[in-house]
Amino acid sequence: MPRQPSHNRPRRSRPPHFTPVQLRARCDGWTPDVQCAFLAALYLTGSVSAAAHRVGRSRATAYALRKRPGAESFAAAWDHVLAGPAEPGCPPQRRRKVADWRKLTLKDVIWRHRIGLWRPIIYRGKMRGIARKPDNSALLRIISRLDGKVERSREGAP
């Protein structure tokens, strides 16, 4: 017998892994922990205003953070949470846009590798923790850029 879906669960998709937006450190700012907690609250409430209020930030600053350069991964996770499951018979959702690595400086790519990918862990309607995993694609980009520099320096040497 197939299991019936529970009607008391939110029908939104769980937050995926994302790269937090790089900001300067402030005690009242959008730290990676606050960004992760915001996505968890957005998943649980379905409201940007309520989610921002839960993490002690305003709705306006949440939208400002979403529009910042380098916030593509955060914005994609936000959209993923609010999109919900696809209707039966609909074409599969488009893949999220991948950052154009050619437009990132080496400093930004190193930061993405150092900070990694984050995802809130939600259990029984509360955020219980943060799952972090290394951003291997950023590491491979660093290696390829450094290999290119080594090759160019060898070609220029006699």
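Which residues does Phe18 touch, not counting residues up to four places away in sequence?

**View 1. Contacts of Phe18 in the predicted model.** Phe18 touches Gln35, Cys36, Leu39, Ser73, Phe74, Ala77, Gly116, Leu117 and Trp118, residues up to four places away in sequence being left out; a contact means heavy atoms within 4.5 Å. The model is predicted, so local features need pLDDT of at least 70 and side-chain atom pairs count only at pLDDT 80 or more, whereas totals for chains, interfaces and linings use all residues. Residues are numbered from 1 along each chain as its sequence is written, and side-chain values use heavy atoms, without hydrogens and water.

**View 2. The largest nonpolar core.** This core has 26 residues (buried Ala, Val, Leu, Ile, Met, Phe, Trp, Tyr and Cys joined through side-chain atoms within 4.5 Å; buried means under 20% relative accessible area, exposed over 50%, partly exposed in between, with a 1.4 Å probe and protein chains only). Phe18, Trp30, Phe38, Leu39, Leu42, Phe74 and Trp78 have the most contacts inside the core. Two or more residues come from each of helix 1 (32-45), helix 2 (48-54), helix 3, helix 4 (72-83), helix 5 and strand 1 (117-123) (DSSP runs numbered from the N terminus: helices H or I, at least four residues; strands E, at least two). Helix 1 gives the most, with eight residues.

**View 3. Confidence along the chain.** The mean pLDDT (the predictor's confidence in each residue, from 0 to 100) of the protein chain is 79, and 78% of its residues reach 70 or more. Over residues 89-96 the pLDDT is below 50, and this stretch has five contacts in the model beyond near neighbours in sequence.

**View 4. Ile143 in helix 6.** Ile143 lies in helix 6 (residues 136-156). Ile143 counts as partly exposed because its relative accessibility is 40%.
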